[in-house]
Amino acid sequence: GKGSMYEGGIRVPFAMQWPSVIAGNTRYEEPIISLDMFATAVALAGVEPKKKLDGVNLIPYLTGASEGAPHEILFWRQYDSDGLAVRAGNMKLVRDKNGEKELYNLQDDISETMQLDNAEAFEQLSAQHQEWNSQNLDPVFLGLRHNELYNEQNPDRFENVEKY
């Protein structure tokens with residue numbers, strides 16, 4: 001399901017081409033996140049951002065200059081719906097529309113149909129998410145689910161083109 005915290009909502013293919021740098025037919029299997037695209041572009045531009053970026057420059061991983069995975073752990077959140085996902089290795093914790101946290105092993109169950117009963121992994125991923133989320137700011141802008149509230153707060157949001 002697109003828009004969810006399950007793999008169907010956050011796992012998407014990503015293609016990159018740079019013949020003089022990345023070997024043709026390279027297939028990279030480690031998980032990355034969309035934030036990496038910006039961090040990669042910034043690194044390639046040779047600029048130093050004023051603030052720390054959440055993403056990672058992917059080029060050293062794609063060329064083999066850096067081994068391992070660019071991330072030990074990945075986090076997602078849906079502020080409007082209180083959804084979350086945390087992935088460390090093949091273990092993934094999800095809280096989606098039902099509000100309950102669920103634990104999965106993506107290596108054995110990519111479709112996330114068999115919840116695991118692993119209290120240690122569950123608590124570890126929950127604690128890591130709580131620590132990460134405590135450092136986040138609330139969104140500055142209202143989300144799509146707050147359209148009615150936004151319209152109330154901004155009654156002149158849409159101009160009447162008939163008056164022109």
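How many aromatic pairs does the structure hold? There are two. The model is predicted, and the tour visits each pair in turn.

**Stop 1: Tyr-6 and Tyr-104.** Select both residues and show their side chains. The ring centres are 6.3 Å apart and the planes stand at 70°, so this pair is edge-to-face; the cut-off for that class is over 60 degrees. Now colour by secondary structure. Tyr-6 sits in the segment before helix H1 (7-10), while Tyr-104 belongs to strand S4 (residues 101-105). The pair therefore ties together parts that are 98 residues apart in sequence.

**Stop 2: Phe-75 and Trp-132.** Select these two next. Their planes are at 5° and their ring centres 4.8 Å apart, so the pair is stacked. Phe-75 is in strand S1 (residues 73-78) and Trp-132 in helix H4 (residues 119-134), which makes this a link between distant parts of the chain, 57 residues apart. Are the two partners buried or exposed? Phe-75 counts as buried at 16% relative accessibility, because the limit is under 20%. Trp-132, at 23%, is partly exposed.

**Stop 3: the S1 hairpin.** Select Trp-76 and look across to S2, where Ala-85 stands opposite. Then move to the turn: four residues lie between the strands of this hairpin, and Asp-82 takes a positive phi near 65°.

Definitions and conventions:
Residues numbered from 1 in each chain as written. Predicted model: local features only at pLDDT ≥ 70, side-chain atom pairs only at ≥ 80, totals over all residues. Heavy atoms only, no water. Phe/Tyr/Trp six-rings, centres within 6.5 Å; stacked < 30°, edge-to-face > 60°. Helix = DSSP H or I, 4+ residues; strand = E, 2+ residues; numbered from the N terminus. Buried < 20%, exposed > 50% of the residue type's maximum accessible area, 1.4 Å probe, protein only. Pairing = 2+ DSSP bridges.
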